[in-house]
Amino acid sequence: MMATTSVVAFVVFSCKGKLGEAESLNLSEMPVQRVENMFTVQTKNGVVIMRTVANLTERYDKDTLTYETFPKGIAVYSYTDDGLLETTLFADNARHETNKRTNVEKWAAYGNVEIENVIKKQLIQTDTIYWDRTDEKLYTDCYVRMSSPDGFMQGYGMRSDQKANNSIILRPFNSYAVVVQDTTAVVIDSVNFIGPFPKKR
């Protein structure tokens, strides 16, 4: 009889411990969805215009806001209307939020952000970048480095179209540019270039 009582007491104690752990969880701070090795593709008229890769995506749902975080980094590849790779973005972390009432979307990428226009061979490096999807603009007020075959620029604050084709640093300093260029030089898009297939040996 004594043995039975002690076993019952042990079981009750064990269950009470688990209930205490459950009560300490704040469900409002937990993600409603968690996706590992995410891969998404966006198309337009059957042509890929964007794809996104992330090792981990966590989705949260609040009263007026839905947002996703990418705590293990994100990679975004943007294509031209002809399906050629045009722009890449890599960052250590990112956040995408949507206001439920206004349906306005905001993107932010931060931590070792690198945006490259692979066709023009232009590289933008900064700590934080924002993407206004409605106006199709990239912007930041942080320190920015921009390099290309035409020169090097650095400063604070940047505005650009979403493909990083026309980027302007708002407060530049210690920058330089190549003024004279060889007009006969041939520029090859090495990323999208498809040359002759090698002969089989």
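Biologist: What does the secondary structure of the protein come to, and which pattern does it follow along the sequence?

Modeller: The model is predicted. Its secondary structure comes to one helix and twelve strands. Read along the sequence, the pattern is α-β-β-β-β-β-β-β-β-β-β-β-β.

Biologist: What percentage of the residues count as buried?

Modeller: A residue is taken as buried under 20% relative accessible area. The protein has 201 residues, and the share that counts as buried is 33%.

Biologist: What share of the contacts with a separation of 6 or more joins residues 24 or more positions apart?

Modeller: Contact here means heavy atoms within 4.5 Å. Among contacts with a separation of 6 or more, residues 24 or more positions apart account for 38%.

Biologist: In the pairing of β2 with β4, which residue is the bridge partner of Thr-52?

Modeller: Strand β4 spans residues 74-79 and pairs with β2 in the antiparallel sense over four bridges. In β4, the partner of Thr-52 is Val-76.

Biologist: In β6, which residue is the bridge partner of Thr-69?

Modeller: β3 also pairs with β6, in the antiparallel sense and over five bridges. In that pairing, the partner of Thr-69 in β6 is Arg-95.

Biologist: What separates the C-alpha atoms of Leu-65 and Glu-97?

Modeller: Leu-65 is in β3, and Glu-97 is in β6. Beyond four places in sequence, the contacts of Leu-65 include Tyr-60, Arg-95 and Glu-97. Leu-65 and Glu-97 are 32 residues apart along the chain, yet their C-alpha atoms are separated by 6.9 Å.

Biologist: With which side chain does the side chain of Glu-97 make a polar contact?

Modeller: Beyond four places in sequence, Glu-97 touches Leu-65, Thr-66, Tyr-67, Val-104, Glu-105 and Lys-106. Its side chain also makes a polar contact, at 3.0 Å, with the side chain of Arg-95.

Biologist: Is Leu-56 buried or exposed?

Modeller: Leu-56 lies in β2 and touches residues including Arg-34, Val-35, Thr-69 and Phe-70. Its C-alpha atom is 7.3 Å from that of Arg-34, 22 residues apart in sequence. Because its relative accessible area is 5% and the cut-off is under 20%, Leu-56 is buried.

Biologist: What is the volume of the largest pocket, and which residues are the closest to its centre?

Modeller: The largest pocket has a volume of about 520 Å³. It is lined by 29 residues, and the closest to its centre are Met-50, Thr-52, Val-76, Trp-107 and Trp-131.

Biologist: Which element gives the largest share of the lining of the largest pocket?

Modeller: The elements that give two or more residues to this lining are β1, β2, β4, β5, β6, β7 and β8. By class, the lining has 16 nonpolar, eight polar and five charged residues. The largest share, five residues, comes from β7.

Biologist: Which residue in the turn between β10 and β11 has a positive phi?

Modeller: Strand β10 (residues 151-161) and strand β11 (residues 168-172) run antiparallel and are joined by four bridges. Met-158 has Ile-169 as its partner in β11. The hairpin has six residues between its strands, and the turn residue with a positive phi, about 60 degrees, is Ala-164.

Terms used:
Residues are numbered from 1 along each chain as its sequence is written. This is a predicted model: local features need pLDDT of at least 70, side-chain atom pairs count only at pLDDT 80 or more; totals for chains, interfaces and linings use all residues. Side-chain values use heavy atoms; hydrogens and water are left out. Two strands pair if DSSP finds at least two bridges between them. On a 1 Å grid over the protein atoms alone, a cavity is a set of points where a 1.4 Å probe fits but cannot get out, and a pocket is an open set with protein on both sides within 12 Å along at least five of seven lines; lining residues have an atom within 4 Å of a point. Grid points are joined across faces, edges and corners, and a volume is the space filled by probe spheres set on the points. Ala, Val, Leu, Ile, Met, Phe, Trp, Tyr, Cys and Pro count as nonpolar, Asp, Glu, Lys and Arg as charged, and the others, Gly among them, as polar. A polar contact is a pair of N or O atoms within 3.5 Å; within protein, one must be able to donate a hydrogen and the other to accept it, and residues adjacent in sequence count only if both atoms are side-chain atoms. Buried means under 20% relative accessible area, exposed over 50%, partly exposed in between (1.4 Å probe, protein chains only).
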